[in-house]
Amino acid sequence: MALRYDFDMVAVTPEGLPDQFGDLAVTGVGAEKVAMFRDPDTVAALLRADPAVRTYFSDSGFALKPFDSGAPAGRFPQRDEDARIAVIDRLTANLETHDLADVAWGDFDFDAFMDALSAAEPVEDELLAPPKPSAERDQALAAAHIASQRKKGRRMIALGGLVLGLVLLFYVASQTLL
């Protein structure tokens with residue numbers, strides 16, 4: 001099966017800083033954007049290539065993890081165009097500074113990557129499908145929902161106990177008044 005070389009630009013916040021750090025509207029400072037391939041098999045192929053290849057991609061602005069923005073194959077979100085151009089510039093500049101002459105690329109086909117890179121077209125942000133939820137995120141949401149339901153159950157039991165206590169109190173009070 002041929003690898004897919006579509007990638008997305010993803011804003012990342014440096015470690016140790018609050019999540020809202022990269023929110024330009026809040027802080028006035030934008031988070032750095034890195035390129036991430038959409039296809040996990042492409043990332044896996046890159047991870048199997050020689051360390052020089054991985055270093056070339058990392059130095060050029062790629063994170064070696066998958067991410068899918070929901071853009072269709074051969075397309076990318078229009079908002080990412082400037083960041084993509086910056087990555088392409090770094091890829092080009094790093095071809096001169098990284099010795100890739102006799103390295104093993106493994107299953108990663110650099111020519112196919114360049115073809116996909118030059119053929120990619122922007123798509124309006126409004127036309128993008130929402131990103132697919134990850135299993136990790138789904139598990140976190142499920143755990144939060146379960147914890148919330150447990151707290152709700154405890155509150156309902158406590159409220160039921162309170163109501164029962166008040167009913168008994170009113171009953172006893174009404175019996176003593178008679």
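Q: Leaving aside its neighbours within four places in sequence, which residues is Ser60 in contact with?
A: In this predicted model, Ser60 is in contact with Val87, Arg90, Leu91 and Asn94, once those sequence neighbours are set aside. As for its own place, Ser60 sits in the loop between α3 and β3 (75–77).

Q: Is Ser60 buried or exposed?
A: Buried means under 20% relative accessible area. Ser60 comes out at 0% relative accessibility, so it counts as buried. Across the protein chain, buried residues make up 26% of the 178 residues.

Q: OK, now helices. How do I read two that pack together?
A: Two packed helices are described by the angle between their axes and the distance between those axes. Here, take helix α2 (residues 40–48) and helix α3 (residues 51–59): their axes come within 7 Å and cross at roughly 125 degrees. That makes α2 oblique to α3.

Q: Which residues make that contact?
A: From α2 you have Leu46, Leu47 and Arg48, and from α3 there are Val53, Arg54 and Phe57. By type, the residues of this contact split into four nonpolar, no polar and two charged.

Q: How much of the chain's contacts with a separation of 6 or more link residues 24 or more positions apart?
A: Such residues account for 78% of those contacts.

Key
Residues are numbered from 1 along each chain as its sequence is written. This is a predicted model: local features need pLDDT of at least 70, side-chain atom pairs count only at pLDDT 80 or more; totals for chains, interfaces and linings use all residues. Side-chain values use heavy atoms; hydrogens and water are left out. Axes are lines fitted to C-alpha atoms, for helices over the stretch in contact, and angles run from 0 to 180 degrees between N-to-C directions. Helices (H or I, at least four residues) and strands (E, at least two) are DSSP runs, numbered from the N terminus. Angles under 35 degrees count as roughly parallel, over 145 as roughly antiparallel, 65 to 115 as roughly perpendicular and the rest as oblique. Contact means heavy atoms within 4.5 Å. Ala, Val, Leu, Ile, Met, Phe, Trp, Tyr, Cys and Pro count as nonpolar, Asp, Glu, Lys and Arg as charged, and the others, Gly among them, as polar. Buried means under 20% relative accessible area, exposed over 50%, partly exposed in between (1.4 Å probe, protein chains only).
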